[in-house]
Structures are given as structure tokens and as C-alpha cells.
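Have a look at the fold before reading on.

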Amino acid sequence: MSTYVSKEISAELDAARIASLKKASRLRVEMGDNTYRILKLWKDGFAVEAETTPRLRGLVDIFDGANHLYQCLIVADEEDGGQMRYEFKRSTVAADKAPLDFYRAPDAPIALLGKND
């Protein structure tokens, strides 16, 4: 018995898979003012829909909802099954405050309160 699947059925299966991934994912990639939904994210890269997303390259930001997760330098890897895969050349975890360049004791005062004369 043969397991041949026609091109039309294969395209419909790819479209259904991408639609379910888009619905389930909160992740997005931002490049400049443009935002695109991430279908899959893994340690070394991510995948977006190939049909609706232009070729991305360079520095991008990755968000989970409103939370900024990473700032990444990316390169295109390959297109497979309606998805465009990108690999990270560099991935830096985003922080909401600048790193300290000195040691801060855990019991250090946050502010000094005093009387102004």
C-alpha cells in the first residue's frame, strides 16, 4: 500500500497545522515597528509563518504577551512545511533594570529619609 499524499492535501494539512500553532502561541517577534507571531520557540531559534512574514534578518526582540523575553541577532535557516525557521547568532535575556556594577547587600537601605532644613 502506498502512502502518497497529493500536493493539495499536503498544503491543507500544513495550513491547518499553522493555524493551530498561531492560535496557541502568545509569542511574537518585533523588528522595528513590525510584529509577527512566533509559531515555535526553542533554545537555538524560532519559527514563523513563511507566507505572511517577510524574511527577517538582524536584531529582533522576542515577547511573550507584554513581557520582553530576549533581544536576538538572527539569521534565516530554512523553510519547511509553511514555516520559516531562524537561528540565533546571539540571544540575550532582557532585563527590566540595568545591572549593578557593585555589590548591594541584601539588607541595605532602599532610601534615606531625613529632615530637609
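## Before we start

Two of them count as paired if DSSP finds at least two bridges between them. Keep in mind that this is a predicted model.

## The barrel

So what do the six strands build? They make a closed barrel, in the order E1-E2-E3-E6-E5-E4, and the pairing is antiparallel. Going from one strand to the next, the twist averages 45 degrees.

In general, the strands of a sheet are paired by backbone hydrogen bonds, in either a parallel or an antiparallel way.

## E1 meets E4

Strand E1 covers residues 27–31 and strand E4 covers residues 58–64; the two are joined by four bridges in the antiparallel sense. Valine 29 has isoleucine 62 of E4 as its bridge partner. On the E5 side, isoleucine 62 sits opposite tyrosine 70.

## The E4–E5 hairpin

E4 carries on into a pairing with strand E5 (residues 67–80), antiparallel again, with seven bridges. Two residues lie between these strands in the hairpin, and glycine 65 there takes a positive phi near 65 degrees.

How many bridges link E5 and E6? There are ten, antiparallel, with strand E6 spanning residues 83–93. Alanine 76 is partnered with tyrosine 86 in E6.

This hairpin also has two residues between its strands, and in the turn glycine 81 shows a positive phi of about 60 degrees.

Definitions and conventions. Residues numbered from 1 in each chain as written. Predicted model: local features only at pLDDT ≥ 70, side-chain atom pairs only at ≥ 80, totals over all residues. Heavy atoms only, no water. Axes fitted to C-alpha atoms, helices over the stretch in contact; angles between N-to-C directions.
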